[in-house]
Amino acid sequence: MRKPFIAGNWKMYKITPEAQAYAKEFKNLVQNVTDRDILICAPFTLLGTLAKEWNNSNILLGAQNMYFEKEGAFTGEISPLQLKDIGAQYVILGHSERRHILKETDALINKKVHAALQNDLLPILCVGELLEEREANKTETVVKTHVVEGFKGLSQSDALKVTIAYEPVWAIGTGKTATPEDADAVHVFIRKVLAEIYDSSTAEAIRIQYGGSVKTDNVDSLMAKPNIDGALVGGASLKADSFARIVGFVKI
Ligand code: PEP
C-alpha cells in the first residue's frame, strides 16, 4: 500500500516571522496525523527556522531546487550537502516553473536527481505538459519523456526513493484542475512507463502526487482515485488552516 503523501510548495513566499507563526499553527493542527506523510518545501532562507520548529514532529521538510555538485565555485547555487546540513529531507526537482521560466532541461534535472540521491535527499520529480501540448494530444509523449529522462541511470533501489508529481502546467496557479479522472488516467500511464523501465512491482510502489490548483474543495475527490497517492500543493499550502484541511482529506 502506498501511504498518502501531501506536500506543500511555498514557492518564493514568506519571511521568517510568517514562517514561525505558520510553523506553530500547522504543527498543532496536524499533530495527530499519522496515516499520511506531510511535507513542506520552503524557500532556502526559511529551512533552518522550520527545521528547528518541526524537529521531532510529523512534518517533513524539503527544498524546491538545488544544484548537482556537492560544493565548488557555483555562485548563487545551493548543494545537496548544504540542504542536508540545514535539515531538509526532500527536494522538488524539475518543477514546471524551473523547466519553463529558468529553462531547466531534462538532462540537468536528471543530474540533480542523481545528486540528491547520492547525498541522501529524496527527490520529488515534477512532470507535466503545457496547455498547447495537451491540446495537441501530446500529454503522454511529454510526460513519458520527463519520466524516462528523469529516471535515466537510476537503479531500481534508487528509483523507489523518488516521488513523482504529475503537474499539468495549465493547472498550476490557474484555478483550473485536471478532473480526477483525467489525472488518474495520466497516473496510470506514468505507472506503465515505470513498469517498462523497471518492473510492475517497482511501478506499483512509487508514489505519484497530483499537483495543479489542489484546494480544500477538490482534494477529497482527487484523493479518491486509486492512482493518485498524494498532492503537491502550491497556493493552498500558504495558509496553515487550509493546508491542514488538505492534509486531512476525507476518504470517499
Ligand atoms: C505547485 O506549485 O506545484 C502547484 C501545483 O501550485 P498550485 O497548487 O498553486 O497550482
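Trainee: At what angle do the axes of helix 7 (residues 139-150) and helix 9 cross?

Mentor: In this predicted model, these axes come within 10 Å and cross at roughly 45° (lines fitted to C-alpha atoms, for helices over the stretch in contact; angles run from 0 to 180 degrees between N-to-C directions). Helix 7 is therefore oblique to helix 9 (under 35 degrees is roughly parallel, over 145 roughly antiparallel, 65 to 115 roughly perpendicular, the rest oblique). Helices are DSSP runs of H or I, at least four residues, numbered from the N terminus. Local features need pLDDT of at least 70 and side-chain atom pairs 80 or more, whereas totals for chains, interfaces and linings use all residues. Residues are numbered from 1 along each chain, and side-chain values use heavy atoms, without hydrogens and water.

Trainee: Which residues of helix 7 meet helix 9?

Mentor: Thr139, Glu140, Val143, Lys144, Val147 and Val148 meet residues of helix 9 including Phe189, Ile190 and Leu194 (contact: heavy atoms within 4.5 Å).

Trainee: How do helix 1 (residues 16-30) and helix 2 (residues 44-53) cross?

Mentor: Their axes come within 10 Å at roughly 30°, so helix 1 and helix 2 are roughly parallel. Among the residues meeting there are Ala19 and Ala23 in helix 1 and Leu46 and Leu50 in helix 2.

Trainee: Which residues touch the most other members of the largest nonpolar core?

Mentor: Of its 69 residues, Phe26, Phe151 and Ile190 do (a core joins buried Ala, Val, Leu, Ile, Met, Phe, Trp, Tyr and Cys through side-chain atoms within 4.5 Å; buried is under 20% relative accessible area, with a 1.4 Å probe and protein chains only). Helix 9 (residues 180-197) gives the most to this core, 6 residues.

Terms used:
Buried < 20%, exposed > 50% of the residue type's maximum accessible area, 1.4 Å probe, protein only. Helix = DSSP H or I, 4+ residues; strand = E, 2+ residues; numbered from the N terminus.
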